[in-house]
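Biologist: I am new to this structure and would like to learn how to read it. Could you walk me through it step by step?

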Amino acid sequence: MLGTLKKIFSLCWGASSSSSSYSSSTSTSDGSSGGGAGKRDRRDGLLWFHDIGRCSSGDFSMAVVQANQVLEDQSQIESGPFGTFVGVYDGHGGPDAARYVCDNLFRHFREISEQAQGVTSETIRRAFLETEEGFTSLVSKLWNTRPNLATVGSCCLVGVVCPQTLYIANLGDSRVVMGKKVGNTGGIAAIQLSSEHNANMAEVRQELKDLHPDDPQIVVLKHGCWRVKGIIQVSRSIGDVYMKHAQYNGEQINAKFRLPEPMNKPILTANPSITSIPLQPNDSFLIFASDGLWEHLSNEQAVEIVHNHPRAGSAKRLIKAALNEAARKREMRYSDLRKIDKKVRRHFHDDITVIVLFLKHDLISRGICQGHPLSIRSALEH
């Protein structure tokens with residue numbers, strides 16, 4: 001039985017292991033002529049988008065806009081025998097951790113799921129922790145030449161759609177929101193599915209205080225924003241090893257990341273919050289996005305935009321709505337914002353990644369690999 005499952009995994013997800021670094025790598029199951037999904041990848045200035053595609057769980061739309069000098073967001077969609085894997089990785093301090101996660105997290109998930117003969121919350125958790133262990137090893141290996149790699153990290157939002165079940169795993173403050181049909185009214189409800197780990201949330205501050213009762217400075221209000229040790233907003237991440245291992249918090253790293261007192265236990269964690277949700281026929285679509293989207297759009301606004309427009313271009317449409325709002329807040333026009341180049345653009349908005357997955361329940365319920373496997377990553381020039 002185990003050998004049969006491994007063979008199915010290999011046949012259906014084998015293509016993803018050869019994805020090229022930091023660029024889109026695709027094969028599709030939508031039956032379109034002309035082959036790869038990459039033919040539908042397009043750029044508009046700092047905006048990259050894939051308007052519509054098909055995976056084993058339904059249709060999807062994907063987009064990312066760059067604001068930083070070097071894009072710090074990464075994302076991916078993988079389709080295989082048990083459904084669909086969606087990942088949104090919002091890096092901070094540089095692109096290295098998000099890129100590492102995009103290169104390795106799904107690989108670990110696939111291998112662990114093969115060994116376990118299926119997908120569970122525990123297999124997903126183990127994939128996160130193995131990815132964290134690998135990045136920590138990379139920091140250790142490069143410590144003498146690139147010590148500031150210890151200060152790079154990434155939020156990590158993952159969704160796995162299996163037969164009848166959706167798993168959501170999260171580190172940091174990216175978010176997934178479901179659009180759920182309301183009976184036969186034609187209406188749609190916005191349901192937030194992910195738990196966030198940001199010190200601006202009272203429950204996160206309390207969690208940190210409970211974990212560090214002897215540290216009165218575990219959370220500090222700085223410039224109107226709550227931060228862990230006065231440095232970082234998120235309390236869970238991949239990377240940020242300077243907040244997890246004392247040997248990486250010393251004179252070798254930038255002074256703004258150094259702690260004033262010795263660290264006697266990890267402050268941040270890579271242990272994700274994981275939720276499993278039974279899928280229902282009225283569960284219509286999922287919006288996965290980095291916090292850059294949610295800074296400008298509410299859950300309800302995002303769901304209404306997707307619900308009231310065609311599927312094609314949904315992710316791009318959400319990003320443009322967020323950029324319009326960012327421009328409005330600065331009393332400028334969207335057309336003027338588009339003219340601002342990367343790096344300077346960061347003063348107006350963050351890198352924003354959006355993936356919209358439209359659930360096709362007859363495909364999900366079969367639980368088998370539909371057509372060719374799919375492996376796609378967002379792509380922008382770095």
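Modeller: Gladly! One idea comes first: contact means heavy atoms within 4.5 Å. Keep in mind, too, that this is a predicted model. Now the case here: helix α7 (residues 314–329) lies across β1, β2 (47–55), β3, β14 and β15. Helix α7 runs at about 140° to β15.

Biologist: Which strands does helix α6 lie across?

Modeller: Helix α6 (residues 299–307) lies across β8, β9, β14 and β15. Its direction is about 135° to that of β9.

Biologist: In what order do the strands of the open sheet come?

Modeller: Seven strands form it, in the order β1-β2-β3-β15-β14-β8-β9, and the pairing is antiparallel. At the edges are β1 (41–44) and β9, each of which pairs on one side only. On average, neighbouring strands of this sheet are turned by 15° against each other, direction ignored.

Biologist: Over how many bridges do β3 and β15 pair?

Modeller: Strand β3 (residues 58–65) and strand β15 (residues 352–359) pair over eight bridges, in the antiparallel sense.

Biologist: Is the crossing of α6 and α7 left-handed or right-handed?

Modeller: α6 passes α7 in a right-handed crossing.

Biologist: Let us turn to charges. What is the general idea there?

Modeller: Side chains of opposite charge can pair when their charged atoms come close. The cut-off used for a salt bridge is a nitrogen within 4 Å of a carboxyl oxygen. By this rule the count comes to 15 salt bridges.

Biologist: Which residue forms a salt bridge with R175?

Modeller: R175 pairs with E196, and the closest N and O atoms are 2.5 Å apart. R175 lies in strand β8 (residues 175–182), while E196 is in the loop between β9 (187–192) and α4 (202–211), so the pair ties together parts that are 21 residues apart in sequence.

Biologist: Are R175 and E196 buried or exposed?

Modeller: R175 counts as buried at 16% relative accessibility, and E196 is buried too, with a relative accessible area of 13%. The cut-off behind this is that buried means under 20%.

Biologist: Where in the sequence does the salt bridge of D283 and K180 reach?

Modeller: The closest N and O atoms of D283 and K180 are 2.5 Å apart. D283 lies in strand β14 (residues 283–289) and K180 in strand β8, so this bridge ties together parts that are 103 residues apart in sequence. D283 counts as buried, at 2% relative accessibility, whereas K180 counts as partly exposed, at 23%.

Biologist: What can you tell me about D350 and R346?

Modeller: Their side chains meet in a salt bridge, at 3.3 Å from N to O. D350 is buried at 9% relative accessibility, and R346 is partly exposed with a relative accessible area of 37%.

Biologist: Which residues are linked in a network of salt bridges?

Modeller: R54, D59 and R311 are linked in such a network.

Note on methods:
Residues are numbered from 1 along each chain as its sequence is written. This is a predicted model: local features need pLDDT of at least 70, side-chain atom pairs count only at pLDDT 80 or more; totals for chains, interfaces and linings use all residues. Side-chain values use heavy atoms; hydrogens and water are left out. Helices (H or I, at least four residues) and strands (E, at least two) are DSSP runs, numbered from the N terminus. Buried means under 20% relative accessible area, exposed over 50%, partly exposed in between (1.4 Å probe, protein chains only). Two strands pair if DSSP finds at least two bridges between them. Axes are lines fitted to C-alpha atoms, for helices over the stretch in contact, and angles run from 0 to 180 degrees between N-to-C directions. A crossing is left-handed if the near helix is turned anticlockwise from the far one by less than a right angle, and right-handed if clockwise.
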